[in-house]
Amino acid sequence: SPTRRAPPPRGWYLPELAGGRVELDSFDIVEGLVIKDGPEVEVLNGISLHGGLAISQPVASPVTAVLTVESLTTHWREVGLPAYAQFDNDMIFQGTHRYPDALGRIIRLCLSLDVVPVFVPPRETGFQAMIESYNGWWQAKVWSRFQHAHLEDVQGHSQKYVQALRKQRVARLEAAPDRQAFPAAWKLDLKKRPRGRLVYLRRTTGLSEVIVLGRTWPLGQVWPHRLVRCEVDLNHDKLRFFTLRRKEPTSQPQILEVDYRLPARGFQD
C-alpha cells in the first residue's frame, strides 16, 4: 500500500510561520446573506493561524476596500499587528486588475504597518482552509441559529459569538506568537511610495512561468504546474522566487532573483 505522509505544518509555505515564531491573520468575505424583507448582508471575517483570534463584521452589502481598511485598522489597534496578513485575489483585497504593478489600498495599509500581505494561489484549495472553516462556523453559530429582523440583530449576535470564542480560546491565544504593538503616531498615506515586502503564492504555467503583478515571469528552468512563493522586495527592488513542495515542506530553495522596481505612477483606486 502507498506510504501515507503526514500533512505539512500549518503555514508551511512561510518558514517563520511554520516554525511558530510569528502570527498570520487570514481574511475573507461571506456574501449572499439576505435578511427577509431586509438588506443583503456581507461579513468580513478574520482568524489568526496560531491563536485562533477571530473578527467578524457584518455590514449591508457590499464590503468595500475602504470599509476593510477601517475594520483592519480598528482590529489591529485593539489586538496588535501580525507579521503576515493573508487574502484571496479579490479586487477588494488586491486592488484593481486593470493595470500591471497596481497595489491596492489594503496592500498599502499592510505595508505601511510593516505587515507582509500574502496572496494565495487562485482557484487552489487548502491555503484558505482555516478562514473558510471559520466562515462556516460563523454561518452555523450566528446566521443560521437566530432569526434576524435587522442588520443590527446580526451584528449583535456576531459580536457575542466572537467574544465567546475569544474567551474560550484564552489559553491558545496566550500561547500564540507575540503580536507587535500598533504604532501610536501612524497615519495611512495612500500616496506615499510603498516600502516593505509582499508574498504571492502561485502555480506556474505549463511553460514554467509565473504571473505576478500583472506580468509574466519565466523561471528559467523546468518547473511546470508547480507551486512557487514569489517575494516582492520593494526596499531592494527585487523579485525572488522559491519552489514549494507539500511533500517536502522544509525544502524551499530560491531558484530565481530578478530586478524589479515598482513604477512611480501613484495609487490607483
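Predicted model: local features only at pLDDT ≥ 70, side-chain atom pairs only at ≥ 80, totals over all residues.
Residues are numbered from 1 along each chain as its sequence is written.

Helices (H or I, at least four residues) and strands (E, at least two) are DSSP runs, numbered from the N terminus. Helix α5 has 15 residues (129-143) and should span 21 Å at 1.5 Å a residue, which agrees with the 20 Å between its end C-alpha atoms; the expected span is 1.5 Å times one less than the number of residues. Ile131, Tyr134, Asn135, Trp138, Val142 and Trp143 are the buried residues of α5, where buried means under 20% relative accessible area, exposed over 50%, and partly exposed in between (1.4 Å probe, protein chains only). These residues lie on the same side of α5, because they cover an arc of only 110 degrees around the axis, taken from the directions from the helix axis to the C-beta atoms. Their cover includes β1 (24-34), β2 (40-48), β3 (54-60) and α6 (151-168), with contact meaning heavy atoms within 4.5 Å.

The loop between β1 and β2 holds Lys36. Lys36 is exposed, with a relative accessible area of 71%. Its C-alpha atom is separated by 7.3 Å from that of Ala149, 113 residues apart along the chain.

Terms used. Heavy atoms only, no water.
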